[in-house]
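Please take a look at the model below, and keep the viewer open while you read. The notes that follow walk through its strands, its loops and its surface.

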Amino acid sequence: MTGSQHLESSGSGDDAGADGADLSPAFDRLLDYLKDVRGFDFTGYKQASLMRRVQHQMQRVGIVDFEQYHDYLQVHPEEFTQLFNTILINVTGFFRDREAWDLLASDLVPGLLGQLGGSEPIRLWSAACASGQEAYSMAMLFAEALGREKFRTRVKIYATDVDEEALSFARSASYTERELADLPEGYRERYFQPAGTRFQFDPELRRSVIFGRNDLLQDAPISRIDLLACRNALMYFNAETQARIVSRLGFALKPQGVLFLGKAEMLLNHSAAFEPIDLKRRFFRKRASSPAGLSAARGLRGSADSLAEAAERGQLLSEAFVHSPVAHIVIDHENRVRLVNQAAGATFGLGARDVGRDFSELEISYRPAELRSHITEVTASRQPVWLRGIEWHRSPTDVTFLDIQVLPLTGAVNRLLGVSLMFNDVSRFRRLNDELEATNRQLETAYEELQSTNEELETTNEELQSTVEELETTNEELQSTNEELETTNEELQSTNDELHVINQELQARTAEVNSLNRLLESVLSSLTAAVVVLSPELTVRAWNRQAFQMWGLREDEALGQHLLSLDIGLPTEELRAVAREVACGERERAELSLQAIDRRGRSVSLRVTVTTLAGPGPEHGGNDGALLLMEEAPGWPRGGDT
């Protein structure tokens, strides 16, 4: 689905209702049948789009009911291929969305190569590659950046899809001139070789592209990937399935690996796993999973635990620290910052650059509170210290109240390992406490007014909450609509390609018919005898030039007229019975000699041969009329026939 597997964005809705489709039990049974018989599980796809594609294929075979189509698949197993080709919309192209590829070539690829060094292998993955254009686009891009020799030794491109027919086409690496129209200038000459009416991708570079079947929902992802392109595939799935696929894509990438999505895919609901590099062009980078140096897992290891269990506990501790809602900083015994979680980074503007610095050099050491003296106190006494209600003016209008806890971290025999700083935001509680005190002071004199105010406040909060929920729903609906429009666009493009092929076939058939008509006209004109072709009803269907020369009646005057109604010097009454017998198939051939008056008014002796025209078959009557061949035959005996 870029194409390709028709298999991204943070779509809304994970069931038929969310997608706007009312699924029937018959459609559910059809999906179960496809899963059981052919191993294709479409339950994670957006059901409205899926049903529309299935109905599109049903219309092609003239079926309107899902139960009938279920039976049709059982009787016609070859229909599975057509159905899957319709569902898995293989719409892609070379350097599709050119602006995004230009950014990849100018900024991201040089940055990636700079991180990897000069000899480290480069692993790329084109997921849902469809007919292969995207994988070969990546190959050309990196060949331009590295040169052919380094590309062959360092780069491996894995191109996967669930559609075996599309993979077979991609492996052939053969494309038409029309499919190469969007290549950058000079690329066709450098990377494709003419092969008849098509163009073959460079065989040396082709060996670095490995095609294989991979289902993003069921199969294990390829690991240690530097750049992963999965474009216009997620938008076909519901939100729950998208989340599963995004998790797999995150596992596949190296730390700081780059994810390249399609223009309808935003990853709005997956910011914890990916951060945008360029949101407009849909480039994302994998976030770091945990801060370096976390060693607290050692305190929970039991002597009988396995290494795997210890590693799992360490991972849990690391994730708990990173994602804790409380801002948390850990300082070692040398007063250097060792750990900073996400909340502390967001609150105090700390980042990876600050890890390893002396704590005293940071602004947080003296603002919002003087912490250096308290750290010294905790280090000396090995006792925790609480600083409560610290007022922090983040801006002239923004005041935050913090409770700060300074805890000593000790190891064996009370050896000091470092100090833990936790910053609890108690602004809300402080405000509530102030409000409570004010309320208590006014309680005796204004209880009824306070009660009314509280009720109004609760109503307002509910209305605001309802408004927020409506806005979230509207945002999800807009995102889903955007994905539906992109899906419809690809369907229209697929239909346009089909119409283009049909148009070419019709043009070829028209050219053949015109050629045959010219040949027939040439044959009739070259004959020296007058030729008249009659339908089974004895109406004139062909009238050659010699017939005009003999009887003086033009072709346009004779065509469509009944033979017996022609006002010429031919004794048509004498021909009536013989022509009708031959035209109706009662006789195959007959010859007559007649006396007639030609266009010049002179009497001529004619030899008339009447022959049956064979029809297309018994179901159409068996014959298609008669052929009259008229030649001057002086001395031919009058009235004879056979």
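Here is a short tour of this predicted model, beginning with the chain as a whole.

## Ground rules and overall picture

Residues are numbered from 1 along each chain as its sequence is written, and side-chain values use heavy atoms, with hydrogens and water left out. Because the model is predicted, local features need pLDDT of at least 70 and side-chain atom pairs count only at pLDDT 80 or more, while totals for chains, interfaces and linings use all residues.

The chain holds 19 helices and 20 strands; these are DSSP runs numbered from the N terminus, with helices being H or I of at least four residues and strands E of at least two. Of the 642 residues, 43% are buried (buried means under 20% relative accessible area, exposed over 50%, partly exposed in between, with a 1.4 Å probe and protein chains only). The chain exposes about 33800 Å², and carbon and sulfur atoms supply 50% of that area (accessible areas come from the Shrake-Rupley method with a 1.4 Å probe; for residues, only the protein chains shown count as cover).

## Strand 8 and its partners

Strand 8 covers residues 253-261, and seven of its nine residues are buried, so the rest of the structure largely encloses this strand. Strand 7 (residues 225-230) pairs with strand 8 in the parallel sense over five bridges (two strands pair if DSSP finds at least two bridges between them). Within this pair, Leu228 stands opposite Leu259 of strand 8. From strand 7 the chain passes through helix 12 (residues 239-252) to strand 8, a right-handed β-α-β crossover (with the strands pointing away from the viewer, the path from the first strand over the helix to the second runs clockwise).

Strand 8 is also joined to strand 10 (residues 283-286), this time antiparallel and by three bridges. Here Val258 has Arg285 of strand 10 as its bridge partner.

## A hairpin

Strand 11 (residues 327-332) and strand 12 (residues 337-340) run antiparallel and are joined by three bridges. Ile331 stands opposite Val337 of strand 12. The two strands form a hairpin with four residues between them, and Asn335 in the turn has a positive phi of about 70°.

Where does Phe95 sit? Its place is the loop between helix 5 (79-87) and helix 6 (98-116). Phe95 has a positive phi of about 50° although it is not a glycine, and it counts as buried at 5% relative accessibility. Leu183, in the loop between strand 3 (174-175) and helix 10 (187-191), is in contact with Phe95 as well as Phe94, Met140, Arg188 and Phe192, leaving aside neighbours within four places in sequence (contact means heavy atoms within 4.5 Å). Leu183 counts as buried too, at 10% relative accessibility. The C-alpha atoms of Leu183 and Arg96 are separated by 9.4 Å, with the two residues 87 apart along the chain.

Asn232 lies in the loop between strand 7 and helix 12. Its phi is near 60°, positive in a residue other than glycine, and at 1% relative accessibility Asn232 counts as buried. Another backbone feature to inspect is the cis peptide bond from Arg367 to Pro368, with omega near 15°. Pro368 belongs to the loop between helix 14 (342-348) and helix 15 (372-381).
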